[in-house]
Amino acid sequence: MTTAPASEPQSSSDEPSPPKSLHLKHLTIKAGDRELLAETNLTITAGKITVIVGGSGAGKSVLLRTLAGLIPNHGPVIKWDGQIESEHASQAKSQSEIDDESDTSKAQKDKAFAAETSLTDQPRIGIVFQQFALFDELSPTENVQFALDHRNDRALTSGQSSRRWLEDLGVPAKTPVAALSGGQKQRLAIARTLAANPNIILYDEPTSGLDAASGGKVAELIRHTHDTYRRTSIIVTHDYETLIPIADEVLLLDSETRLLVPVPRQDWPQIPKRMRPVQLSETPSSPATLAEQSIQKIDAFFGQTGSTVVAAIRLPYDLLPMFPRPRWGLRFLAHYLRLVGGVSAWIYLTLAGLIIGFTGTYFTFRFLPFRLYTQPLLIDELLSSIGFAFYRILVPVLATILIAARCGAAVAADVGVKQYGGQIDAMRTLGVKPRLYLLIPIVLAFMLATPILEWMAFTSARFISMLTFTATHPDVGPFFWEQHFYRNLLSSDGGWPQGWGWVMLKNLACGVGTGAIGFYRGLAPKQSASDVSHAITSTVLWTTLYVLLVHFIIALIEF
C-alpha cells in the first residue's frame, strides 16, 4: 500500500462542512451487567485528530459505535444514557479551556451548556469501518457516488465527482471491489466517507491486522486526509505505537475507573503502562438449571415472536415506496431481481415443473384401478382433473415452496452478509434507512419474480404432460390432450383461465411474506459467520411454513 498522492485542498465550490466538536455529557455505557463507561463529561475538540486508546475489552468499539449513533439507547445488550452533542469549531472549547473556566455552580453550567448547544444542528458523522463495509455489488465509483447522492446538503454544489475522489485517494475505478487490495479498500472506504461531507470522521481500528510497515502507511494516509480535508478525526485503536505519533490529542478509556480521560502530551510515553486489559471476575458461575434454561428459551421465543408480530404489523408502512433516490432504488431492485428471478431460478423452477408434469400425468394413468376397463371411460375426465390440479393446486404450492426455500435463503444470505460485514451500518451512517433500499426492492422483486417463476413451472409441467400423454396414448394424440386438459380452466368468455385471480393472490401473498421474512432474518444482529448460517436455515423453515399456511387459508376460502 502506498501513501496517498498529494492533492490540493477542496475547492470552495464544494463548501465542505466545518469540523465540529463532540460534547459527551453524563455519558454512561453498559454491556449487560458490566459498566464500560461511567458518567463522563468530556469535549472532543473540533478540527483535530483525537486518538482513543484502551486495554483489550475496555469497550472502545462500543464507544465508537455509540458516538456514530449505531447503538440505540436501550438495546437488548448494550445500553447507554446521557447526551452526545456538538458545535462548530468556532464555538468549541478544548478540555483545558473548560477546566480553566471560572468555578460556577453545576446548575449554571448545565443551563449554559444546554442553551449553547440547543442551537446547533446534529453533526454528520462518517465512519471508516474496520472491515471497510463496502458495497460489493457496486463498483468503486458507485460506492462513492452513493455517498454523494445521499449527502444531507445536496442543494450545495459538490466540487468533486466520484471519479475525482477515487483519483485523489489513489483507488482504481475499474477494478471490482472484491478484487481490490486491503489498502485500496481502506482508501475507498475513506473516499466514500469523505464524499458524504461529514463534520466528524470516526476510524475503527484502522491498523488492525496490519504489520508495522503497512500500519505506518495507514497512519500517514489518515494524517494526509485530515490535513487535506480538515475534518474532526476520532480514531479508536489498541495500536498506540503506530497512531499516537499522528495524534493531536489522546484519550484513554481506563478499564479501572471506567472513565474517558485526556492524556497530556508529556504523559504519552506512559500510555502502555496505563492500558490495562479488563479484569473479568474469576468467580465461577454456576451452570443454569434445567428450569432456568427452559425459561431463557421461552423468553427468547416470545421475544422473537413479538418482534416478528411487530414487523408484520409494520410491514404495510415499511413497504411504502419512498426511495430517497429513485436511481438507487431501481439499482437495488435490479440486484434483487437477479438474485430472486435470475437464470438459475428459471432452471430450478422449470425442472420442478417437468417433474410435476411427468409424475402427475404418467402415474395417474399408470396406476389407475382396473386401467384396461376404466381408462377408456375416464380418460377425458382424468385429463381435465390433471389440468385443474396443475394450474390451481400442485404447481402453485410446489413452486412457491421452492421459491421460498431457494430465493428466501438467498435473500437472507445477502442481507445477513451485509449485516455481518457492516454494510447495513454503513447505510445508516450515510443517512439511509436499510428498509428503503433493501426491504422494498426485495419485496418488489418477489412480487415480480414469483408469478413469472410459477408460470414457467406450469408451462414446463403442461409441456411434459402433453409429451407423456402422447407417448403413452399414441392412438388419441396431443389434440385430444389439449382439448380436455383445459376444459375445467377455460372461461365462458374465452379470456383468462378460471381461478387465475386466486393463483395470482397466492403468488403475491407468498412472495411478499417470503421477501419480508428473508429480510428480517438477515437483518438480525450477526456476531459470527454461524449467525449468517443460522439466518439462512431459519429462513428456509419459516418461509416454508408461511407458504403452506397461505395456501391452506386461501384454499379454505377458494374451494
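**Salt bridges across the chain**

1. Glu137 and Lys418 form a salt bridge, their closest N and O atoms being 3.2 Å apart (a salt bridge is a side-chain nitrogen of Lys or Arg within 4 Å of a carboxyl oxygen of Asp or Glu). Because Glu137 lies in the loop between strand 5 (125-128) and helix 4 (140-149), while Lys418 lies in helix 13 (residues 371-421), the pair ties together parts that are 281 residues apart in sequence. Helices (H or I, at least four residues) and strands (E, at least two) are DSSP runs, numbered from the N terminus. Glu137 counts as partly exposed at 22% relative accessibility, whereas Lys418, at 3%, counts as buried (buried means under 20% relative accessible area, exposed over 50%, partly exposed in between, with a 1.4 Å probe and protein chains only).

2. This is a predicted model, in which local features need pLDDT of at least 70 and side-chain atom pairs count only at pLDDT 80 or more, while totals for chains, interfaces and linings use all residues. Residues are numbered from 1 along each chain as its sequence is written, and side-chain values use heavy atoms, with hydrogens and water left out.

3. The structure holds 16 salt bridges, one of which joins Glu35 to Arg258, with 2.9 Å between the closest N and O atoms. Glu35 belongs to strand 2 (residues 34-44) and Arg258 to the loop between strand 8 (249-254) and strand 9 (259-263), so this pair ties together parts 223 residues apart in sequence.

4. Arg223, Asp227, Arg230 and Asp248 are linked in a network of salt bridges.
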